[in-house]
Amino acid sequence: MLRSLSRNISTLATIRTIHNDIAMGDGADSLSEKTISQYLNALDRIFVTENLPAWNPALRSKTAIRTSPKRQFTDPSIATAIMRLTPECLLDDFCYFGFLFESLCDRDMRIYAEANDGQAFHYRDASDLEADAVICLNDGRWAAVEVPSFWCQPMPLTKDPGSQMAPILPLGNW
């Protein structure tokens with residue numbers, strides 16, 4: 001199950017998705033969805049996983065908001081250890097590297113939000129409008145954050161490495 005969570009890090013993988021991933025086509029030898037749910041709860045209680053909950057901006061919104069949590073370990077290095085990844089493996093799979101990077105960003109944003117009396121969430125609605133993270137402070141201020149998603153295509157090296165970096169935008173007066 002931990003390998004499945006590692007493969008699905010920073011995704012909205014459902015319990016059914018995890019079940020099917022574990023079963024790999026043979027549902028008879030897999031854990032039941034109820035058992036997976038109990039294991040996920042146990043992993044949360046012992047601080048191995050810390051999923052990012054979904055943000056709902058308005059209680060009476062007519063927009064259908066997806067409420068699945070974004071699957072995360074408390075530290076993305078847990079996923080790399082479970083998968084026994086080397087730096088070379090990560091360089092060969094930029095998409096997976098991107099999910100790990102997003103998980104790292106989510107973890108750090110959660111820490112900073114909590115240190116400022118706030119919370120971190122993710123957002124995705126039925127039309128696939130999404131924000132990788134939404135930082136909400138208890139005074140009502142919030143900021144949507146998009147982690148760069150250019151990881152699935154390795155970027156050609158240039159003479160100016162700074163030209164390859166995503167722009168850093170200020171998130172407001174915190």
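Which residues are buried in helix H2 (residues 15-23)? They are Ile 18, His 19, Asp 21 and Ala 23, where buried means under 20% relative accessible area, exposed over 50% and partly exposed in between, with a 1.4 Å probe and protein chains only.

This is a predicted model, in which local features need pLDDT of at least 70, side-chain atom pairs count only at pLDDT 80 or more, and totals for chains, interfaces and linings use all residues. Residues are numbered from 1 along each chain as its sequence is written, and side-chain values use heavy atoms, with hydrogens and water left out.

**Overall make-up**

The chain holds six helices and three strands, in the order α-α-α-α-α-α-β-β-β from the N terminus. Helices (H or I, at least four residues) and strands (E, at least two) are DSSP runs, numbered from the N terminus. Of the 174 residues in the chain, 33% are buried. The accessible surface is about 11000 Å², and carbon and sulfur atoms contribute 58% of that surface; such areas come from the Shrake-Rupley method with a 1.4 Å probe, and for residues only the protein chains shown count as cover. Among contacts (heavy atoms within 4.5 Å) with a separation of 6 or more, 56% join residues 24 or more positions apart.

**Helix H2 and its neighbours**

The buried residues of H2 pack against helix H1 (2-7) and helix H3 (33-45). On the H2 side of the contact with H3 are Ile 15, Arg 16, Ile 18, His 19 and Ile 22, which meet Glu 33, Ile 36, Ser 37 and Leu 40 of H3. The axes of H2 and H3 come within 10 Å and cross at roughly 110°. Axes are lines fitted to C-alpha atoms, for helices over the stretch in contact, and angles run from 0 to 180 degrees between N-to-C directions. H2 and H3 are therefore roughly perpendicular to each other, the term for angles of 65 to 115 degrees; under 35 counts as roughly parallel, over 145 as roughly antiparallel and the rest as oblique. Just after H2, Met 24 has a positive phi of about 45°.

**The sheet**

Three strands make an open sheet in the order E1-E2-E3, with antiparallel pairing. E1 and E3 are the edge strands, each pairing on one side only. From one strand to the next, the twist averages 25°. Two strands pair if DSSP finds at least two bridges between them. The two pairings are set out below.

| Strand pair | Bridges | Residues between the strands | Bridge partners | Positive phi |
|---|---|---|---|---|
| E2 and E3 (residues 142-145) | four | four | Cys 136 and Trp 142 | Gly 140, about 100° |

Helix H6 (residues 94-115) lies across E1, E2 and E3 and runs at about 15° to E2.

**Cysteines**

How many disulfides are there? The count is zero, a disulfide being a pair of cysteine sulfur atoms within 2.5 Å. Cys 136, the bridge partner of Trp 142, is buried, with a relative accessible area of 13%. Cys 89 is partly exposed, with a relative accessible area of 35%.
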